[in-house]
Amino acid sequence: MQRQLPPRTLLSLVLSLLFLNMAPAKRGCSSSSPQLLSQLQSQTNITGNTGSLWEPYIRLQNLNTSTLRAACTENSVAFPSEDTLRQLSKPHFLSTVYATLDRIGHQLGALRQQFLKTQAFPDLERARQNIQGIRNNVYCMAQLLHHSLETPEPTQADSGASRSTTTTPGIFRVKIDSCRFLWGYHRFMGSVGRIFREWGDGSRRSRRHSPLRAQHKGARRIRPSRSSQRLKPRAQVPW
């Protein structure tokens, strides 16, 4: 018969396992800003592509007609526009993206429930994993830039999205709303990717045109040539 461990010992073991599980997550952040930007650019290229989620959805839901596709691409108020994102400071931009990705993950999870008893849609689960990976990298970027991820204030889009859930729409309405959500999701990720690419271009330009590099280049240009050194007059030897 095995002897049971006292409660204090069990609690210590649980806490030890908890900190062991948290440690890899903390060590997972890269210390290189260019590497993080490269990963974010690659991830947003995938999630910003409508062929990764929106196109499979409209085919599965029999929405692949010119009229219904047009209805699915109407402007969605569920996501901040690219102009709005560009007006944000870097800390506020990262916080907005981080919070929006959290909402996207929950909405993708709710959308996935529609397919548990109908068609298989593995792209949804892959999209959720991609969103979690992007969210982790956004968190790491904020840590690297010493920014705190503050929860942004609710926007008009957020309040509009919450009001739409108070009614019980029909099946077709749910399909169209989900289709519009996916279209807005791809557009949002595309906007985020373009802004991150501009961050990378800006950092490369700043390194290329830094005053220190210009100073070194100028120093090399004013270095006297060998021919000028040979033309210097020699000191005369006294008689």
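Tutor: α6 and α7 run roughly antiparallel to each other, a label for angles over 145 degrees between N-to-C directions. Their packing angle is about 165 degrees, with the axes (lines fitted to C-alpha atoms over the stretch in contact) 9 Å apart. Helices here are DSSP runs of H or I, at least four residues, numbered from the N terminus; α6 covers residues 90–112 and α7 residues 122–144. This is a predicted model, where local features need pLDDT of at least 70 and side-chain atom pairs count only at pLDDT 80 or more, while totals for chains, interfaces and linings use all residues. Residues are numbered from 1 along each chain, and side-chain values use heavy atoms, leaving out hydrogens and water.

Now for the contact itself (heavy atoms within 4.5 Å). On the α6 side you'll find, among them, L94, V97, Y98 and L101; α7 brings residues including L124, I131, V138 and M141. By class, this contact has 15 nonpolar, 2 polar and 5 charged residues.

The whole structure holds 8 aromatic pairs (ring centres within 6.5 Å). In one of them, the rings of F93 and F196 have centres 5.5 Å apart and planes at 75 degrees, so the pair is edge-to-face (over 60 degrees). F93 sits in α6 and F196 in α9 (residues 171–208), so this pair ties together parts 103 residues apart in sequence.

Note on methods. Axes are lines fitted to C-alpha atoms, for helices over the stretch in contact, and angles run from 0 to 180 degrees between N-to-C directions. Helices (H or I, at least four residues) and strands (E, at least two) are DSSP runs, numbered from the N terminus. Angles under 35 degrees count as roughly parallel, over 145 as roughly antiparallel, 65 to 115 as roughly perpendicular and the rest as oblique. Ala, Val, Leu, Ile, Met, Phe, Trp, Tyr, Cys and Pro count as nonpolar, Asp, Glu, Lys and Arg as charged, and the others, Gly among them, as polar. Rings of Phe, Tyr and Trp (its six-membered ring) pair if their centres lie within 6.5 Å; planes under 30 degrees apart count as stacked, over 60 as edge-to-face and the rest as tilted.
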